[in-house]
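Please look at the structure shown here chain by chain, and keep the sequence at hand while reading.

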4 protein chains.
Amino acid sequence: MILNVLADRYASDEMKNIWSNEGRIVLERDLWIAVMKAQKELGIEIPQEAIDAYEKVKDNVDLESIKQREKVTRHDVKARIEEFCDLAGYQHIHKGMTSRDLTENTEQLQIYQSLLVIRKKVSAALLAFDEAANKYKNQIITARTHNVAAQPTSLGKRIAMFGQELLEAFKQLEFTIEDFSARGIKGAVGTGLDQMTLFEGDMAKTTQLEEKIAKHLGISSILNAVGQVYPRSLDFKIVSTLYGLSSGPSSFAKTLRIMAGNETASEGFAKGQVGSSAMPHKMNSRSCERINGFHVILNGYMNMLAGLAGDQWNEGDVSCSVVRRVALPDSFFAVDGLFETFLTVMQQFQVFEPVIERENAYYMPFLCTTTIMMEAVKNGAGREDVHEAIKEHAVGTLLDLRSGKIQKNDLAQRLSDDKRVGLTGSHLEQIIQQGYQLTGCADIQVETFSNAVAEIIKKYPEASNYKPGDIL
Amino acid sequence: MILNVLADRYASDEMKNIWSNEGRIVLERDLWIAVMKAQKELGIEIPQEAIDAYEKVKDNVDLESIKQREKVTRHDVKARIEEFCDLAGYQHIHKGMTSRDLTENTEQLQIYQSLLVIRKKVSAALLAFDEAANKYKNQIITARTHNVAAQPTSLGKRIAMFGQELLEAFKQLEFTIEDFSARGIKGAVGTGLDQMTLFEGDMAKTTQLEEKIAKHLGISSILNAVGQVYPRSLDFKIVSTLYGLSSGPSSFAKTLRIMAGNETASEGFAKGQVGSSAMPHKMNSRSCERINGFHVILNGYMNMLAGLAGDQWNEGDVSCSVVRRVALPDSFFAVDGLFETFLTVMQQFQVFEPVIERENAYYMPFLCTTTIMMEAVKNGAGREDVHEAIKEHAVGTLLDLRSGKIQKNDLAQRLSDDKRVGLTGSHLEQIIQQGYQLTGCADIQVETFSNAVAEIIKKYPEASNYKPGDIL
Amino acid sequence: MILNVLADRYASDEMKNIWSNEGRIVLERDLWIAVMKAQKELGIEIPQEAIDAYEKVKDNVDLESIKQREKVTRHDVKARIEEFCDLAGYQHIHKGMTSRDLTENTEQLQIYQSLLVIRKKVSAALLAFDEAANKYKNQIITARTHNVAAQPTSLGKRIAMFGQELLEAFKQLEFTIEDFSARGIKGAVGTGLDQMTLFEGDMAKTTQLEEKIAKHLGISSILNAVGQVYPRSLDFKIVSTLYGLSSGPSSFAKTLRIMAGNETASEGFAKGQVGSSAMPHKMNSRSCERINGFHVILNGYMNMLAGLAGDQWNEGDVSCSVVRRVALPDSFFAVDGLFETFLTVMQQFQVFEPVIERENAYYMPFLCTTTIMMEAVKNGAGREDVHEAIKEHAVGTLLDLRSGKIQKNDLAQRLSDDKRVGLTGSHLEQIIQQGYQLTGCADIQVETFSNAVAEIIKKYPEASNYKPGDIL
Amino acid sequence: MILNVLADRYASDEMKNIWSNEGRIVLERDLWIAVMKAQKELGIEIPQEAIDAYEKVKDNVDLESIKQREKVTRHDVKARIEEFCDLAGYQHIHKGMTSRDLTENTEQLQIYQSLLVIRKKVSAALLAFDEAANKYKNQIITARTHNVAAQPTSLGKRIAMFGQELLEAFKQLEFTIEDFSARGIKGAVGTGLDQMTLFEGDMAKTTQLEEKIAKHLGISSILNAVGQVYPRSLDFKIVSTLYGLSSGPSSFAKTLRIMAGNETASEGFAKGQVGSSAMPHKMNSRSCERINGFHVILNGYMNMLAGLAGDQWNEGDVSCSVVRRVALPDSFFAVDGLFETFLTVMQQFQVFEPVIERENAYYMPFLCTTTIMMEAVKNGAGREDVHEAIKEHAVGTLLDLRSGKIQKNDLAQRLSDDKRVGLTGSHLEQIIQQGYQLTGCADIQVETFSNAVAEIIKKYPEASNYKPGDIL
């Protein structure tokens, strides 16, 4: 017996319940009940007690009993119909339905409910980004482009930047949820023939049935002209949305792995955890690496679903069947594991301020050369002379730093000793000190990000106290 | 000199203009002008005549002159600044801007404008689906699942079904356009430091500048906390949207290739075109095959952009540079070529009604066996006896058809000869004739689809008379 | 508890044993034993009885006991070391080894053994192609390009053609197996420091140890300069080889799905199986669709492993860990399921010769027009006159066939009635009859394919009586 | 007119010549000549002077003239036949050939010749790895796993490690070249009907023709049973081989980007090149980033070709056409650009030894704690006491280093002050000094790598003096 690794090691119970055999059966029963209610409202004779009886037993799932029935019926849906009916003591489900009416809509329900779980966790992730961004908004760091020092920024802004990427993906998630449409109850080739027969040719009722089901299920709408199956590009859309969601955390994780290598920050440890006993300084970015791994995994599942999109033959075939069995649940397990891991990282995130400060001090004089040049010119020096002098000394300083000849960036000293520049040492030091202020709109960007997150948390308040489970 | 194959052979001029060197330069100039106007409104002294002068010459693009300047400046953006300034006779562009402020936003403008072009063509494609769906809504065909006859439907419904897939993707396209946000004018590490310096530390003006630029450009909003670059997952989102759009036409094209193999329909020929001179019956589905090819191509470019998402180091690096140079324009050339090809196919689409009718006649008795059984039971026959009889005769009929022993499905005759069934030949023929009515909600689905398309055409009326260019 | 779908539903026991927790533990133990033997031969003092004791208990796997130990040690490898030592009553395994020495090599062993299983099944698949190719080598069919009739070929040749694709991929598989190199026993950063310490600095022994292990394990060689991990592009190579293997069966499956739609062939049914009770003619290509599905799945896993290749930081990180846990076993489950399914299809493959003959008769006159023209010209007719006449009549015939006006291709009759052509009806019929001979080298190609397969079966004789397990 | 970006900016002339319109025409002519020679040898009457005449003019390519002819013939292959014949003054090419015989084989020739170019460049890249590995084999560095210090290694070994990854991929490249098989001259559906007709039904001659062509072209063999096209999984195999080749350089580039961030090494600058004028210390890893970009691009094209594999319908369709037009040349342009860039990086590669030494000094005491513990125990201390002491002091040291309280790792001092350890300062210093020797088999691994490269250079000596062109 081989377990699903993603479910077994990484996904939360909440997500596993949706995709477990038991969970699926409950969702199917929800759908049957919704159809019965709708049919009753539209005039089909179904006693209220029957519906009540089904509702009462719907969570009573006995996989072994179903399996035994399947050995007799040799038909999985048939076995599940009989089990549910015997539990309830009535025979009113599945009227005018074909197997696809049950399975397509149930799988969409699984997807939809999974999206809601993910929405909660992404909201919590946004909040985690927000809290860290605010905590470190006054911590100046040396921003890097091409992995090399560029200009000052704040650590809070850097964190908000990755949060912003998630925020953009969150809008797509909300759209995907709002726009979600179920296939509906449409029979073997999508014409809705069998329900229409049940309603004795009344097309209006057939349509109303589907509207009622959409409402019951909380899915905004029902697809109109589909075949045996709903278009598989809709599955692709779901997983490309998940891939988008994984990108912000993935970029953050990569950056944190680089920062750990420079000792400016770390994903931290759980309380009591120690690194390698042989190498006590070793704090591996295992969780961040895992986040990057989940991102790669999602890309693989997205490719599977991309391979189904645009490949429908006629009213549908089942070349998609085995692919969806794998890629749909496993995508959700992966993205769920990713956010569980990410939330854990954010809880334990460590910043080594003194190392950051050393880095700032090391690079700051270089970052101020433009200002120095401007001040020197104001003071009467020739622009080209100053430029030449600065270039000489900056390169000299860098080489001496790298060669270990000096421990500290002494560019200011060198420039104050050079008559071509004509600025005093204290003036130069003052310019460099002011370099720490040059973070532009970093603060307001953090604030704007915070406000956006606050709106989201207002909308989905359950996120505000969501705590990740223990991770491996 | 090697040309871009997608642009050279398949894309429309409209799309090529956006992505050509000339087109890009005009977009950059648009951006510079927008920034100047915004800066002027916010108090920076820029004479109106200067702006007018720039606007007057903005379409005057001389690539050779720019190239010569670049040889001197050894900096591409610098060369383009000088060219534009010399043409206008002023030096007011690029104030407080860095190269990335120009290039990131310009590339987003190229993307945005391309999306608008595609929106028009997709709208036209929806209209083409709609027209064909209505034209063939009374043509009954044998719906197939697993590529094997299943139940009746209408050809119009089948077409609307593929249209529906495109319609769903269209909603995503509209969302992508509405939600589109530009990076904004934010300097080397995204803090907006240089504009803020220009506005002497006035953060409100820095923010207002970006709002004004968004408005000028027609892009709904500006991203908040970004780094040197905007998050590359946004590029991925664009191309995954395009991939979604290509799926409906791709499924349709596959189905039409299968139908052509059965001679029920064909993508047709241009007037005067002939098939192979050796084989006059040969009408190859070359354009449909090409549509499927473009779909595969889009998947490849999507993978490239998926490879950039979630891989940002710190405030940004340029490992994305060469990838975006290739994947962004080429994705749009491919999707543009796909819709040009699709629209051409829809203009020439041919249906061979008599072949469809023969297929219907061949399969119809099989599709009515359930009804036959019900009628026989009503008439007094034993259910199990009838079921056995029908199964025997249906299998016998199929084998005789395949073996060529009979030319026509004579199941009705066989059943009328079997006492177990107890129905007359004319009664049986009548049941089978009624099989042609069993298309359920097909008509209303076509109508609903039409209404949805009509709404879209109302919104984007330029689509209603869009005609594809000549294709190879 | 959520099961691995691919393992649970589709993979064979042989493959599951390799990747099960139990199977993995046995492989680890094999490796430990191989290392002990090599160390002993190189002078490390390990009693032969100890090695014998380990060998005796190596298949005795008690997962629960290991789990209990892990709760105490909090280290999975440690727990497995203790379990194995306690079972054997000695403490000689894992000398100078780190966890990676165990896990990297064990995973490679799993891969290697899986490749051998697949080699057997692919050999059996080649044999199945070969047998079908020979069975149907005299069955003339209308070859199709663009899914439209083109020239005659034999069904045997068509089958051999897909077999040829598999044969090409098989050569790659053999190369992959021959070229397979294990990471070796190289410690934490790949320098082999710890074994060298064990051998008191004797570098030659360190190298010999690895050679001996390679030999023990049957893997041709050991990698030289690696880090903590072997290059992940090697994993990519494995799965791209599997993807290549899946392509021939996938192309065949697509073609068979199309043929089923035309009723010329079918994947058949298991004995006793019936189609839909409502539609007795319905024989769905479920297994072929599944083969195509597995092909898509393999592409997804290949993408995951492509996402790890070229992404090694320094001496290695574990961003690959979660990805490999998923993609390696699941790739093998998928390809294993694919070949099990394919072999089942080949056992039940059905050909409907009369339908093929009808198709041949329908198209043959068109396929002979070139010959007809040549004969007419020989007979004294003007080339351009004949060409014009043939074109007119061919198009006319086709339209009448499609419109149902005629049931049978009467081109010969039409041409014999046209004085411009000047050939008698019997002459024309004779030409068309000879059309059935125009299959060129089809026979020799089948024979050549057979010979190649025979060579392979000689090399891997266990394939000749491999039978697939029952599939769902 | 939109140029192919990859060709225009990154690929070498050698590669562009193969894929240019002119280059392709020359290859087609080579094929025609090879076919003529083979046909002559097999008895078809073709005068030697004719062949000579064709050979004489084969490089005389006038695209404009061909274009004018195409306007008349409306058939591209026809136009090229006429042009070549008129240039030569004979009409002996294309006998018994169809267009596919020309185009499939020519495209394979383009692929094959491109593979040979790439083999040369990869050999040169291996040599570059080798030279750098030897140059830095005595430079001890701190190996990192999880991007965190782990054990000592040599920089030479680190470089050889990435070289090893390329070496493994090189073996696959050699196999791909050796195993390369052309489609052969097989007519419209792959039965070779038309050549057989030319040879008056002589099957042996038809086969010999293909063998001769294979020999002429230097391609090892001809495929046996194919259809209109050769299996598209062979194209996939080519590009997956290229992807494998790009992985070693890509891993190296990533590591170098990280090293540049730590200032231990850099991809260097061309002579005279300066960094940003504002930030003289800024040395961006632009070329390494580009290498990583090319790797992502190759993955995209590989996905396109993966999308064609396993999707052949019947004897072939052209849904592959547009995809191959894009993905085949562009894959080779990308991989060519990657190796040009890589070779340039290796020419300019800079190592900052003093920074590396500082890093070693910073981490070395941590790396020696195991040895220290062993020595202390030998000296009479209790194992658990020492372990506790070391752990305390190691953590304390690390925190003080990070907080800036100390500048230098003083773990030895702390331990010598602690009575629980019982070792003198000089003893401790000596242990730490010996840490620099703990590189295990690093030297021999570099040597083994060198030997393997030397073998390759002996085989392909043109690689030894290959110099990359100037890159952007």
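Predicted model: local features only at pLDDT ≥ 70, side-chain atom pairs only at ≥ 80, totals over all residues.

Residues are numbered from 1 along each chain as its sequence is written, chains are lettered from A and ligands numbered from 1 in the order in which they are written, and side-chain values use heavy atoms, with hydrogens and water left out.

Between chain A and chain B, 78 residues of chain A are in contact with 78 residues of chain B, contact being heavy atoms within 4.5 Å. The two chains bury about 6500 Å² between them, 56% of it on carbon and sulfur atoms; buried area here is the accessible area (1.4 Å probe) that two parts lose on being put together, summed over both. Across this interface there are 6 salt bridges, a salt bridge being a side-chain nitrogen of Lys or Arg within 4 Å of a carboxyl oxygen of Asp or Glu. In a salt bridge between the side chains of Arg158(A) and Glu315(B), the N to O distance is 2.9 Å. The elements that give two or more residues to the side of chain A that touches chain B include strand S1 (140–145), strand S2 (148–154), helix H8 (155–178) and helix H11 (233–262) of chain A, where helices (H or I, at least four residues) and strands (E, at least two) are DSSP runs numbered from the N terminus. H11(A) gives the most to that side, with 13 residues. The residues on the side of chain A that touches chain B divide into 30 nonpolar, 33 polar and 15 charged; Ala, Val, Leu, Ile, Met, Phe, Trp, Tyr, Cys and Pro count as nonpolar, Asp, Glu, Lys and Arg as charged, and the others, Gly among them, as polar.

Aromatic rings come next. The whole structure holds 62 aromatic pairs over all chains, counted when rings of Phe, Tyr and Trp (its six-membered ring) have their centres within 6.5 Å, with planes under 30 degrees apart taken as stacked, over 60 as edge-to-face and the rest as tilted. Tyr243(A) and Phe236(B) form an edge-to-face pair, 5.1 Å centre to centre with 70 degrees between the planes. Because Tyr243(A) lies in helix H11 of chain A and Phe236(B) in helix H11 of chain B, this pair joins two chains. Both of these residues, Tyr243(A) and Phe236(B), are buried, where buried means under 20% relative accessible area, exposed over 50% and partly exposed in between (1.4 Å probe, protein chains only). In chain D, the rings of Phe170(D) and Tyr460(D) have their centres 6.0 Å apart and their planes at 70 degrees, so this pair too is edge-to-face. Phe170(D) lies in helix H8 of chain D and Tyr460(D) in the segment after helix H19 of chain D, so the pair ties together parts that are 290 residues apart in sequence.

Leaving aside its neighbours within four places in sequence, Val122(A) is in contact with Leu166(A), Phe170(A), Leu173(A), Leu245(A) and Phe339(A). Asn314(A) is not a glycine but has a positive phi of about 55 degrees; Asn314(A) lies in the loop between H12 and helix H13 (321–348) of chain A, and is buried at a relative accessible area of 1%.

Charged pairs close the account. Over all chains the count comes to 140 salt bridges. In one of them Lys171(A) pairs with Glu168(A), the closest N and O atoms being 3.2 Å apart. These two residues, Lys171(A) and Glu168(A), are 3 residues apart in helix H8 of chain A, so they are separated by about one helical turn. Lys171(A) is partly exposed, with a relative accessible area of 28%, whereas Glu168(A) counts as buried at 6%. Arg24(A), Glu28(A), Asp76(A), Arg80(A), Glu107(A), Asp235(A) and Arg324(A) are linked in a network of salt bridges.
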